[in-house]
Amino acid sequence: MMIALSDTDSAAIAAEFVRARTRAGSPAMGMVLTMVVVADEDDADRAMEMAREASHEHPARVLGVILGDARGDSQIDAQVGTGSGWTGETALIRLTGEVAKHPDSVVLPLLLPDSPVAVWWPTDPPADAANDPLGLLAQRRITDSANVSRGKSKALHAQCRSYTPGNTDLAWTRLTPWRALLAAALDQHPLKVTGGYVTAERTNPSADLLVAWLQNRLKVEIQRKGSGGPGITVVELETREGPIRISRPDGRLATYTSPGHPDRPIALRRRDTHELLSEELRRLDEDDVYAAVARTLTKSRSL
């Protein structure tokens, strides 16, 4: 059940959370974190749906924040409730006027006490997430360079340049299955890699990160090639015994090729956003590997 609050404030939203828990007969919700979702009006419903799915694994107070026109008098409108598929509490908060320049003043009183905070920008993130007013409140700051309105590669490099412990990007999270397969392949075939390439859509930021990860780990040149997608379609590593190759032309099923073994199919589907969010919320400490890859990508861009 969702309750609409017009021209409200943080205290009234917090009071509605208490009333919602009382109506639900559950004064303690067992929530483990606060997730702040910063979206525009067009993307808010989809983003909140993904947050709701992720909250099934991580019960949370989810605060959707829509930053409206910052001109004029301040106004805060909200929809607050529990249930309807949410495992915790939720509020979708619209800020207009001067208060839109200071969203942290509204969000800070609504954070769960003594619990971690994650902020997710599902579309266009700030250039420096760690120094954004809402990013300053969080232990985990999640961006998605693959979902910006324009300039995906540029957006990714901006996030890598401004990397601060606690930052991550879903373009990196999408690589988890690829990295696991490639690491397992090299464990199974402990051969020296002499080169390789990654083939993907031209504007796919995950491919840029995969190239940087392979170069960082293998200390060899990895080429970046283009394809029609979807996403990453081929990764090939060259060895003296023959190529180690993973080909996924349809975004669902891959073919794994390795020296001295027959080709075999591997499930490698493209995951939905809520699955990526759930993965990122499982760990809130620094991702040292991503930090190293961000440095590698930033260095290669500056050369």
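Student: Is Tyr-290 buried or exposed?

Tutor: Tyr-290 counts as buried, because its relative accessibility is 2% and buried means under 20% relative accessible area, with exposed over 50% and partly exposed in between (1.4 Å probe, protein chains only). Keep in mind that this is a predicted model, where local features need pLDDT of at least 70, side-chain atom pairs count only at pLDDT 80 or more, and totals for chains, interfaces and linings use all residues. Residues are numbered from 1 along each chain as its sequence is written, and side-chain values use heavy atoms, with hydrogens and water left out.

Student: Okay, how do the rings of Trp-172 and Tyr-290 sit?

Tutor: Their centres are 5.6 Å apart and the planes are at 40°, so that pair is tilted. For the cut-offs: rings of Phe, Tyr and Trp (its six-membered ring) pair if their centres lie within 6.5 Å, and planes under 30 degrees apart count as stacked, over 60 as edge-to-face and the rest as tilted.

Student: How many aromatic pairs turn up in the whole structure?

Tutor: Two. In the Tyr-163 and Tyr-290 pair, the ring centres are 5.6 Å apart and the planes are at 75°, so this one is edge-to-face. Tyr-163 is in the loop between helix H4 (152-161) and S8, while Tyr-290 is in H9 (residues 288-302), 127 residues away. Tyr-163 is buried as well, with a relative accessible area of 17%. Ring pairs link Tyr-163, Trp-172 and Tyr-290 into a cluster.

Student: What about Thr-173, which residues does it touch?

Tutor: Leaving out residues up to four places away in sequence, Thr-173 touches Arg-271, Leu-276, Glu-279 and Glu-280, where contact means heavy atoms within 4.5 Å. Thr-173 lies in H5 (residues 170-173) and is buried at a relative accessible area of 0%.

Student: Which residues line the largest cavity?

Tutor: Ala-129, Arg-141, Thr-143, Gln-159, Asn-167, Thr-168 and Tyr-290. Strands S7 (140-143) and S8 (167-169) each supply at least two lining residues. By class, the lining has two nonpolar, four polar and one charged residues; Ala, Val, Leu, Ile, Met, Phe, Trp, Tyr, Cys and Pro count as nonpolar, Asp, Glu, Lys and Arg as charged, and the others, Gly among them, as polar.

Student: Last one: how do S13 and S14 pair?

Tutor: S13 (residues 253-258) and S14 (residues 261-267) are antiparallel over five bridges, and strands pair if DSSP finds at least two bridges between them. Leu-253 stands opposite Ala-267 in S14. The two strands form a hairpin with two residues between them, and Gly-260 in the turn has a positive phi of about 80°.

Key: Helix = DSSP H or I, 4+ residues; strand = E, 2+ residues; numbered from the N terminus. 1 Å grid on protein atoms, 1.4 Å probe; cavity = no way out; pocket = protein on both sides within 12 Å on 5 of 7 lines; lining within 4 Å.
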